Amino acid sequence: MYRFSLRLRRARNARPVREKLREQREVVRLWALDTMHTDVVLLNLLLWTVGVSGQPRPRGQMLQSHRHVRSKREMPPTVAPHGKNSSPIFKSPDITKAWGSNTERLLRIEDHDFTMRPGFGGPAVPVGVDVQVESLDAISEVDMDFTMTLYLRHYWKDERLAFKSNHNQSMTFDSRLVKKIWVPDMFFVHSKRSFTHDTTTDNVMLRVYPDGKVLYSLRVTVTAMCSMDLSRFPLDTQTCSLEIESYAYTDDDLLLYWKEGNRSLNTDKGISLSQFLIQEFHTTTRLAFYSSTGWYNRLYINFTLRRHIFFFLLQTYFPATLMVMLSWVSFWIDRRAVPARVPLGITTVLTMSTIITGVNASMPRVSYIKAVDIYLWVSFVFVFLSVIEYAAVNYLSTLQERKERKLRERLPCTCGMAHPGMMSASYSEVDANTTGNYGLSEENGVKRERMLVQLAMESDQVTGHVGTSTYSKAWIDTHVIDKYSRVIFPGSYILFNIIYWSIYS
């Protein structure tokens, strides 16, 4: 150790740079021999390399002690002011930044202008479309629209995206790359609301093949208009269409077509609606003309819906029919039971009004008559006529009572009549309403007025009075309207139902 200190003092007194470097190497060599640390040997080699490179240290710079060197080596790397490691030994490449740059270099995105369509200036670029219908969510007669969720896929070829591949494998990307390349600008004609699903990430997929073919798929929910003809509601069949079209490119720039015809439209087997039966899905293609921009290719997704009738039978048709049948009960009730027949007629009329109001509340305000309106209003007329029928019976009964009263006043006294068998000994003047009954009972609904007129006619024959034809014309059977109504009303309603269901079913 004495020799080591002596040599160290001599090294500090040396001024020339070359001698100083030589002394530092000698000090390191002696220190390594004394301590036998291999780490210091490596540091000596590093210093030797620096010296060989011809970059001499500035004067006054001295080798740090071995403890200080070890403490620095054991400390974590420090960060430079610009956020980078101070030593290149601790630098490591950021692999998260390599994906985008490698993909863009492979597809040469920076070498092309993707704001222009493929083959700009040449023929129209063909874009094939196919659709997978996931669900048909709602059909609204009030708003006249439908909501559909579908997978919309586009197929085209863009040679600018071609790349080399040894195994001819495609590459699949998410929505980040979609924003950097050209994609068809499709939109839904007559749509009210639409959105692309983004849970848990954007439901967008881009697949590029080595020859430049591209598959672009996205999951969309759209609410579109459906013009419905409700003249046969609820026995109707509706046909709705979802229309797809390019917004900016006419048929000179973009040829839009169904990739495989009708087979381009697929539906899930579990699609069902509560009010409708889905009868058919099919596709069509047409040209749409706009006066200011030109002709555009338009794709149609057509589907036919037939409404289920059972719900409306339970909620509308059966209640209306029962109300009409209930109104017929009054025909079998005595005409003198006013408190029974009048409330029955009013109740059925009000119930029919409630049914009509409830049906129209859930329907759009169309200017034409619907099939359900015809049935309900005809049923309402039958109920109303049953009330009018009792009003007519009651009025004619009142007229008959007045005539009967006048007839009693004109009858001669029959107290001394020579034919006592034609009168009953139980005659009483106390019951004025039963005058003319003379103790005889009614048979088969024949009224007492007939007996009264017959008695007057026989009395005239006995007393020799003339003018019996006047009394015979005064007889009216007030039950005849009810008798006929018991047959006419049910028969007419049954005939109406036969005609109605034969036309609309």
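Which strand is joined to β1 by 3 bridges, and in what sense do the two run? The answer is β10, residues 265–267, and the two strands run parallel.

First, what we are looking at. This is a predicted model, in which local features need pLDDT of at least 70 and side-chain atom pairs count only at pLDDT 80 or more, while totals for chains, interfaces and linings use all residues. Residues are numbered from 1 along each chain as its sequence is written, and side-chain values use heavy atoms, with hydrogens and water left out.

Some terms before I go on. Helices are DSSP runs of H or I with at least four residues, strands are runs of E with at least two, and the numbering starts at the N terminus. Two strands pair if DSSP finds at least two bridges between them. Buried means under 20% relative accessible area, exposed means over 50%, and partly exposed is in between, with a 1.4 Å probe and protein chains only.

Back to β1. Of its 16 residues, 12 are buried, so the strand is largely enclosed by the rest of the structure. In the pairing with β10, Gln 132 has Asn 266 as its bridge partner. β1 also pairs with β9 in the parallel sense, over 5 bridges; there, Val 129 stands opposite Trp 258. With β2 the sense is antiparallel, over 11 bridges, and Ala 138 has Thr 147 as its partner.

β1 and β2 form a hairpin with 4 residues between them.

Most residues other than glycine have a negative phi, and most peptide bonds are trans. Two cis peptide bonds are worth looking up on the screen. One runs from Thr 199 to Thr 200, with omega near 0°; Thr 200 is in the loop between β5 (191–196) and β6 (204–208). Another runs from Phe 233 to Pro 234, again with omega near 0°, and Pro 234 belongs to the loop between β7 and β8.

Now the charged pairs. A salt bridge here is a side-chain nitrogen of Lys or Arg within 4 Å of a carboxyl oxygen of Asp or Glu. By this rule the count comes to 15.

Asp 236, in the loop between β7 and β8, forms one with Arg 307, with the closest N and O atoms 2.7 Å apart. Arg 307 is in strand β12, residues 294–307, and the pair links parts of the chain 71 residues apart. Both residues are buried. Together with Glu 141 they are linked in a network of salt bridges.

Which parts of the chain does the pair Arg 117 and Asp 253 tie together? The side chains of these two meet in a salt bridge at 3.4 Å, N to O. Arg 117 lies in the loop between α5 (98–107) and β1 (125–140), and Asp 253 in the loop between β8 (237–246) and β9 (254–258), so the pair ties together parts that are 136 residues apart in sequence. Arg 117 is buried, at 3% relative accessibility, whereas Asp 253 is partly exposed, at 27%.

Asp 158 and Arg 160 also meet in a salt bridge, at 2.9 Å, N to O. Both of these residues are buried.

Last, the helices. Thr 348 is in α8, residues 338–361, and is buried, with a relative accessible area of 0%. Contact means heavy atoms within 4.5 Å. Leaving aside neighbours within four places in sequence, Thr 348 is in contact with Met 323, Leu 326, Ser 327 and Val 383.

Met 325 is in α7, residues 310–327, and is partly exposed, with a relative accessible area of 41%. The C-alpha atoms of Met 325 and Tyr 493 are separated by 9.4 Å, although the two are 168 residues apart along the chain.
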